[in-house]
Amino acid sequence: MSPPAPPEAPQRPAPTAEEPVRTGSRTGLVAICASLFAALVVSVVVAIGLGPAVVPPAETARFLWAALSGGQISADEVTTYQIIWQIRTPRVLLAALVGAGLSAVGVAIQALVRNALADPFVLGVSSGASVGAVGVTVMGGLAVFGIYAVSVGAFLGALVASLLVYGASSTKGALSPLRLVLTGVAMSLGFQAVMSVIIYFAPSSEATSMVLYWTMGSFGAASWGSLPVVAAAVLVGVLVLHRYGRPLDVLALGDETAASLGISPDRHRKSLLVLVSLVTGVMVAVSGSIAFVGLVMPHLVRMVVGATHARVLAVAPLAGAVFMVWVDLVSRTLVAPRELPLGVITALVGVPVFITLMRRKSYMFGGR
Amino acid sequence: MNLELDGLSVVTDGKSLVRDLSLDVGSGQVVGLVGPNGSGKSTALRCVYRALKPSSGTVKVDGQELSSLTMRRSAQLIAAMTQDGAVDLDFTVEEVIALGRTPHQRGSTPLNGHERDLCEHAMRRLDILHLARRGILTLSGGERQRVLLARALVQEPKILVLDEPTNHLDVRHQVRLLSLLRGAGLTVLVVLHDLNLAAAACDRIGVLSEGRLINSGTPKDVLTPELVDEVFGVRASVVPHPLTGDPQLLYSLDS
C-alpha cells in the first residue's frame, strides 16, 4: 500500500471573478450590522415624520426626545405631538419589529425544512395563525388570556398549521422538500378559505376589509398597548435563533449528517418549530400575514454574508426591519388617505427581486 | 477503539432491512461491507452513526452500548461520511468542514487556532485546499465527496464509517482516499461497491445479502467465484494481484 501522494494543491488563490464576493470577516459583519442599525434609526425617524401631516426629521426627533425625556411641548404643537407619538411611532416601531421577526423566522424555517422556498407564509404557518386570530376575534374564546387572547389564538393556529403541514408532508420520518412546499401552499390556501368563511359568517359589516387585513397585512391597528408582546416575542425569538446558529447550519446539511455530528434532527426541529410558530403567531395577531419578507430577506442577506446562520441571523433582522419600515411608509402614503395592504407592496418588490435572484448565476439557489 | 454490531436488526414498515447482523471491527482495522443494492449495508451504517435506532440488537464501542451515550458524545467518537450530500444553502467549503467540529464545541464559539490548523491539514490531505473559499454547490460530485471526508476527519473520531466514499471519484482519488483510510489509524467500517477496491483496502470483508451477513473474513477467504455468483449473480474469475497478492475479480459479460 503506497502512502498518500504528497499534496500538490496550490495555496488558496484569490477569489476569481466568477465567485461571489462575500464579506467573510468578523469586522465586516460588525460594520454591516452597525450601518444597518444606523439606517434603521434614520428610517424610523423619517418614517415617523412622513404622512398626511409632514413633520421634518429634526422636528420629529425633537418630539420623540420630548416624549422620551418628559420634555415640554408648546400648546399649539399638541396635535402634531399626538400624531407623532400616539399614532405614528407605535406603528413604525411595529413595522420594524415585524420586519425583523419575519426575516429571522424565514431564515430559521428555510434551514429546518431544508428548503430555500420556505417561509411562514408559503408553509401555511401565517394563514394558520390568521385562522386562530380571526377565530378568537369573531367567536370569542380564550378569554382567560385577556388582551393576549388573539395572540394566543394566533400562536395556536400557527402551531397547528405547522404540525399539520409537517406531518402531512413527511413520510416514514423523511421530509421531502418538494412535498413540503406543495403541502404548505395547499394548506395555506385552505386556511385562508377557512378564515374567510369565519369572517363572512360573522355578524360584521366590514367582512371584506377584514379578510384583506388578515391575508395581506397592515400595521393600521398598531398601538403602544400591543407593542410589548411583539417586542418580547421578536427579541427573544431572534436571540434564541441566533444561539441556534450552529445547529441550524448542521440541520441544513441534512438529517443524516446532523445525526452523525451529534445533533438530533427531530428534537431540534420540533423545538425550533414551536419557537417559529410562537413568533409568527404573535406577529400575525397584530399585523395579519405578510408575504415575501421572510422569503426574500434571507436570500438577500446570504448573498452578502454567506450561508452561516450565526451571521445571517445577525444581519437579516436588521435588514428586514429597515425594509418593513419603508414598505409601511409606502403603503400609507402612496394613495393617501387610503392605505395599500402591505402584502401588495412586499409582493411588488419581492417578486422581481426573487426572480432576479434565481436567475443570477453566481448565487446558487437551492442547488443547480 | 473497537466497534461491534451485536445482533442488529432493523424493521421498517414490516420490512426487514437488516436481520440479526453481528460484526466485529477490531481497533484500527478496516472492514468493508459489500453486497447487492438494497442488501441493508447503508441501513446498518445508519445505526452506527445514529441516524436510525435499531429495532433490536446493539452497537457497542469498546464494549459500551452506543444508546447509553448522548448523541454528542457518540459524535465525538464516530464520524460518518454519508450519502445525503444534497445541500440547499451555499456554504463555502471551509464552512462545511468547520462544522465537523460541532460535537466538540459549545454554543456558537468560533474555531480556535488548533481547530483551524486541523481544518487546513484535512483540506491539504484531501487535495481541496484550493477550494476552501468556493461554494459547496459549485463543486463537482467528486470534489464534494472529498469535502465530506475532510469534515469527518476534522471531527477527530476514533471510528469512521463511510457509505460508498468512492462514488463520483476518479481513479486517482479513489486510490488516494482508500490509502488515506488505511493510513489514518482509525477503526473503519466502509460500504464499497467495487469489490476489487474492497479487496485491496480492507483487512476483512463482510458480505450482506437481503439484510443478512452471509460471509465474513479476509478478502482472500470471502471473495471467491462461488460467492460472487451466489450473491451478485455474476460470473467472475479471481486472480491474485501481481504486486500485492490481493484477490482481484475479472468479470465476463456473457451469461
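Predicted model: local features only at pLDDT ≥ 70, side-chain atom pairs only at ≥ 80, totals over all residues.
**Exercise 1. Check the length of helix 6 of chain B, then work out which way it faces.**

Step 1. Helix 6 of chain B runs over residues 171-183, so at 1.5 Å a residue its 13 residues should span 18 Å. The C-alpha atoms at its ends are 18 Å apart, which agrees.

Step 2. Now pick out the buried residues: Gln174(B), Leu177(B) and Leu178(B). Looking down the axis of helix 6 of chain B, you'll find these within an arc of 90°, so they line one face of the helix.

Step 3. What do the buried residues of helix 6 of chain B pack against? Their partners are helix 5 (141-154) and helix 7 (195-201) of chain B.

Step 4. Look just past the end of helix 6 of chain B: Gly185(B) has a positive phi of about 70°.

**Exercise 2. Trace the strand pairing through Lys60(B).**

Step 1. Start with strand 1 (residues 3-12) and strand 4 (residues 56-61) of chain B, an antiparallel pair joined by 5 bridges. Here Glu4(B) has Lys60(B) as its bridge partner.

Step 2. Strand 4 of chain B also pairs with strand 5 (residues 64-65) of chain B, again antiparallel, over 2 bridges. This time Lys60(B) is partnered by Glu65(B).

Step 3. Strands 4 and 5 of chain B make a hairpin with 2 residues between them. In the turn, Asp62(B) takes a positive phi of about 45°.

**Exercise 3. Sum up chain A.**

Step 1. Count the elements: chain A has 14 helices and 2 strands.

Step 2. Of its 368 residues, 50% are buried.

Terms used
Residues numbered from 1 in each chain as written. Chains lettered and ligands numbered in written order. Helix = DSSP H or I, 4+ residues; strand = E, 2+ residues; numbered from the N terminus. Expected span 1.5 Å × (residues − 1). Buried ≥ 20, exposed ≤ 12 C-beta atoms within 10 Å, placed from the backbone. Arc of directions from axis to C-beta. Contact = placed C-beta atoms within 7 Å. Pairing = 2+ DSSP bridges.
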